[in-house]
Amino acid sequence: MPLITKSRVTTGVFWVNIPEADLRIQCGCPGDSVKHLMKRGFISSTEIDGVSYESGPNAILLSDVAIQNGSFANLAEFPVLQMLYRQGMIIPNHPGNTGAKPLLIGHDDQVAAQMQYIYRGNYGLISEEEILEAGVEPAKAKELMRMKLKFAFGKISHPSELLDHCNVGTNKQEIRNGVSIQRLALNLFEIYYKDETVTVDLNLQPFENYEAPYPLGSHLVNREYFAVIHSGQGDGWDINRPSMGSVLMYQGQIYLVDAGPNLEKTLHSLGIGISEVEGIFHTHCHDDHFAGLTTIIRSDHRVKYFATPLVRSSVSKKLAALLSYDEANFGDYFDIQDLEEGTWNSVNGLEVKPIFSPHPVETSVFVFRAMWKDGYKSYAHFADIASLDVLGNMITSEEKAPGVSQELFDEVKLSYLEPTDIKKIDVGGGMIHGAAVDFKKDISEKIILSHTSKPLTHEEKEIGSGAPFGTKDILIPGNQEFIFSHAARIINAYFPDLAKDQLRMLLNNQMVTFNPETIILKEGHDIEEVSFILTGAVEVINSQTGVNSILSAGAIIGELNGLHEIFSTETYRAASFVQALNMPIGFYRTFVKQNKLFDNISKLQENREFLEKTWLFGEAISDKVKNRIAAQMEVETFDEGDVITVCDHNALTLIRTGSAHHMIGDEVIEALFAGDFFGEEPVLFSTPSILSSVAIEPCVVFRVPIAEVRDIPIVLWKLFEAFKRRGNLINDFEQIHETVLRWRPEYSVNIQLIDNHHKQLVEMSNNLLEALKNRVSQKDVHVALDFLIDYTDYHFREEEALFSSYDYEKTDVHKERHKVLLQQVIDLKEKTKDKKNNPEVIIFLKEWIINHILTADRDYAAYLNTKGVY
């Protein structure tokens, strides 16, 4: 009988069990990982002494990187909640409470990020000051904080009080009860117990994605004037259904209400491509409504983000905590459209009223309405809400005590019962979810019960209906074909200078629908028709390169090869229901010739085909955008041994042919091949890279101007993922090859004063490491540490003085970061109290200094350089 076993749960998730050590490790925790564990039987119901509860993991091994292939890799909120409450690890006198805390295992920056993300997931905004910063009036801010404290049992508690953690480095580290772990490479781990080991690889392969735990089937959804498509009725624990969500259609446009896990699968199942989404209305930041934000980011345009400032602040802080980036970057990925709570806001004619909802985190429910024959037709989406019974027990007349006022309770009760044509409500029950009985007297025309994993009771069935996935409620029928106006927008965007008569001629072609999994065009076949994709998603398969990609609305199938009268070099396969405008190739060739478009299309052909085969540009980018980029790409060649220059930091570099080494100093960090890229730092932070690239064989590269990619969310998202991954590679390299910190010329921020400070910080850190290595007295260790703390404080104050002198716009962001960084170095006293040469200390110091210099300091340095500060 083995002492340690490993089982594959799903893509990117493994189960490691060491029964003798009472350790059950969930390795990998993307969205809905708890549901996968439930389906595989690793979480099951049990009963002891009449108490029913669940089994499950008591530890989580995190991915070294926060994002893999565009999706969140670490979402520990629901797995931790399952341990604390459904296993009973936090509940007094519960058979599952053995005194052990849930354990987070991983790279220390990922552990820290998860702690902050869980913190934000539990509470949202955590102080009255943060609520005020979101624009709330002082009296209301006090009231909201009182309610929040009541939900929090009187205290805002950091997850560190509830969770243990184990930081994993390149040296073997004990986890618990004699079990040890070691990182062998990025996302590659060895787990040891006695004489047995298992290896866990959390890396996703290129173009591999995390899986949904439930099948959704395929649905053909026609565009409507005003309709609701039901895209989720479950909650975070429902193994058979997506979490509560809706898709709104208004005048043919697509809007989402919330973004739960596996949103991309949900949209594909409904035949909706991400580039078709106009906007999202967001209720709150809990993972079952939040985890799909990465899918929305994977668009070639900034999707409109509709929420109250209070909800937006809560969501942006949680996302920033999860990804360890500045909250201010939220607007790089979304087109922020703030809504005013309690009033009707017009969104291109669709009216929406956000209504305050009592919840542990900042939450708004929505009522939507549109003008029709006898007034308005309306839809209400009430997620998440608290039951009136729970809320009533929170009423207190003491103005300073945690709880809610009678006035707030009455206001909420009145808003719950506002009649609408269709009302979808959260009936999840418990402390923070709603109850169907509260809507027993609701006179709305149709009530839909949602947000639950439990079967409905007979009483609940008498109150409200269900809405299986993919069903649709039409509030205002469409008396026009919205798909044709959608097609006109797509073709007009592709041919912006086309005369109206020519546009109408193209639109007169046949509209076709392809069923899911249909081969639209096969590799090696002649091209008989050109297909403009209008809705849905199409998979592109290249058998020679092994590179697959996804096309969505706005892309064209067969254009370039068809114009040149050559067979297809790829296979195109419908990933969902796909609607397309098909044009016979002979007709299309004549149209292109008559409008003198052939030369322009041909000129872009090679560049665009290259882009489509890369990881960075091969997904969800319309042909219009790819053409824009292709037109600006420039070619350069380099011989073997040449340093591939960085073009004054104004371009992203992609390797067209050949290969190169990505290096720090004289050390190779990674190899780059055709389709790979570098130079993401200037795009993300307006700062030069510390890495250089050297051709190891003759290389041809494309230069893409930064201005062409800065407004494409999916590209920014992937660049950010690459930046994080490469940062981890640098840190891992330094930890393996160095026992002390080493100043490198690449770390320079091009300001002499700041460079001198950084060199001094490196030297003081080495003094501390030397003291630990030589096991000097505790007093001498703390003297070295106090010098480091004092100098860090001085360095930050000097930086802030420069910010003030030159009106640096991100001063407040950097000051907040300085507070966190200073506290982190102060916390080192706990790690050094035993005087041992703790590997955690050198890992922390290297990441603390390197990451601080690589990102934050290089950002402001570029600004100060423009002011003449060097």
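Biologist: Which residues form one aromatic cluster?

Modeller: In this predicted model, the cluster consists of Tyr-255, Phe-281, Phe-306, Phe-366, Phe-368 and Tyr-379. The structure holds 35 aromatic pairs.

Biologist: Why is the pair of Tyr-588 and Phe-591 called tilted?

Modeller: The ring centres of Tyr-588 and Phe-591 are 5.9 Å apart, and rings pair if their centres lie within 6.5 Å. Their planes stand at 35 degrees; under 30 degrees would count as stacked and over 60 as edge-to-face, so the pair is tilted.

Biologist: Where do Tyr-588 and Phe-591 lie?

Modeller: Both are in helix H17 (residues 585-594), 3 residues apart, about one turn of the helix. An α-helix has 3.6 residues a turn, so residues three or four places apart point the same way.

Biologist: What makes Tyr-588 and Phe-591 count as buried?

Modeller: Buried means under 20% relative accessible area. Tyr-588 has 0% and Phe-591 has 1%, so each counts as buried.

Biologist: What does the pair of Phe-610 and Phe-702 tie together?

Modeller: Phe-610 belongs to helix H18 (residues 598-612) and Phe-702 to strand E42 (residues 699-705), so the pair ties together parts that are 92 residues apart in sequence. This aromatic pair is tilted too, with 5.0 Å centre to centre and 55 degrees between the planes. Phe-610 and Phe-702 are buried.

Biologist: What makes E28 and E33 the edge strands of their sheet?

Modeller: The open sheet has 4 strands in the order E28-E35-E30-E33, with antiparallel pairing. Strand E28 (510-514) and strand E33 (556-557) each pair on one side only. The antiparallel strands E30 (residues 529-535) and E33 are joined by 2 bridges, and at least two are needed for pairing. Ser-531 stands opposite Ile-557 in E33.

Biologist: Which helix packs on the sheet, and how do you know that its span agrees with its number of residues?

Modeller: Helix H14 (residues 482-494) packs there, touching E28, E30, E33 and strand E35 (578-584). Its direction makes about 115 degrees with that of E30. At 1.5 Å a residue, the 13 residues of H14 should span 18 Å, and the end C-alpha atoms are 19 Å apart, which agrees. Among the buried residues of H14 are Phe-482, His-486 and Tyr-494.

Definitions and conventions. Residues are numbered from 1 along each chain as its sequence is written. This is a predicted model: local features need pLDDT of at least 70, side-chain atom pairs count only at pLDDT 80 or more; totals for chains, interfaces and linings use all residues. Side-chain values use heavy atoms; hydrogens and water are left out. Contact means heavy atoms within 4.5 Å. Axes are lines fitted to C-alpha atoms, for helices over the stretch in contact, and angles run from 0 to 180 degrees between N-to-C directions. The expected span of a helix is 1.5 Å times one less than its number of residues. Buried means under 20% relative accessible area, exposed over 50%, partly exposed in between (1.4 Å probe, protein chains only). Rings of Phe, Tyr and Trp (its six-membered ring) pair if their centres lie within 6.5 Å; planes under 30 degrees apart count as stacked, over 60 as edge-to-face and the rest as tilted.
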